[in-house]
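User: Hi! I'm new to this one, could you walk me through a few spots?
Analyst: Happy to, let's have a look together.

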Amino acid sequence: MKRTLILAVLGMALGMTSSAMAAGNVAAGKEKSAVCAACHGIDGNGLSDAYPKLAGQHEGYLVKQLMEFKSGARQNALMAPMVANLSEQDMADLAAYFASQKTTPGAVSEDLVAAGEQIYRGGNKETGVPACMACHGPNGNGIPAANWPKLSGQYNSYVETQLHAFANGDRNNSPNGMMADIASKMSEAEIKAVSAYVFGLK
């Protein structure tokens with residue numbers, strides 16, 4: 001059943017994102033990214049862990065998030081005014097630019113490595129938490145065709161915040177509520193551990 005659901009979501013994602021991804025222009029995106037640099041840095045690696053790294057993230061995922069910030073499907077007080085006047089072409093160009101940048105590696109908190117790796121690679125059968133790598137890949141590189149994001153090198157505090165947002169319903173823009181279901185089953189310790197673990201993935 002889970003395999004069928006994943007394949008169905010993958011098929012829908014392929015159909016929805018191919019045109020936007022093909023339209024992106026890296027050079028145009030670099031010019032348009034000046035306003036983004038105030039929070040996300042010139043190369044998309046962020047100025048602080050308060051903002052997510054965009055460098056190296058998949059184009060389709062970035063376009064999807066920008067569109068959902070604009071439509072209100074994903075709510076964020078800082079991002080809403082930033083995307084209000086962006087056209088689909090602007091979004092595609094920005095996504096192409098940030099996707100072309102290299103993610104700077106993070107440092108793993110050693111005391112959380114083992115616990116984080118266990119959840120990321122094996123999940124928690126007792127509570128029904130699946131292995132994160134099933135969707136985000138063994139090295140945290142995600143699945144571009146399905147718009148499942150790259151997590152490797154992403155700030156652990158940002159990942160923590162997003163997992164909490166999915167768990168408490170503040171964020172609900174994952175396919176079929178998949179992330180809300182998963183995050184709501186995770187303990188605080190598991191959230192902290194897996195967030196620290198992905199920060200150190202390369």
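Predicted model: local features only at pLDDT ≥ 70, side-chain atom pairs only at ≥ 80, totals over all residues.

User: Which residues of H7 and H11 make the contact?
Analyst: From H7 they include Leu112, Val113, Gly116 and Tyr120, and from H11 they include Glu190, Ala193, Val194 and Tyr197.
User: How do the residues of that contact divide into nonpolar, polar and charged?
Analyst: Ten are nonpolar, one is polar and four are charged.
User: New topic: what about the phi of asparagine 147?
Analyst: Its phi is near 60 degrees, which is a positive value in a residue other than glycine. Most residues other than glycine have a negative phi.
User: Where does asparagine 147 lie?
Analyst: In the loop between helix H8 (133–136) and helix H9 (156–168).
User: Is asparagine 147 buried or exposed?
Analyst: Asparagine 147 counts as buried, because its relative accessibility is 8% and the cut-off for buried is under 20%.
User: And what is the phi of asparagine 176?
Analyst: Asparagine 176 has a positive phi too, near 55 degrees. That residue lies in the loop between H9 and helix H10 (178–184).
User: Is asparagine 176 buried or exposed?
Analyst: Asparagine 176 is exposed, because its relative accessible area is 59% and exposed means over 50%.

Key: Residues numbered from 1 in each chain as written. Heavy atoms only, no water. Contact = heavy atoms within 4.5 Å. Helix = DSSP H or I, 4+ residues; strand = E, 2+ residues; numbered from the N terminus. Nonpolar A, V, L, I, M, F, W, Y, C, P; charged D, E, K, R; others polar. Buried < 20%, exposed > 50% of the residue type's maximum accessible area, 1.4 Å probe, protein only.
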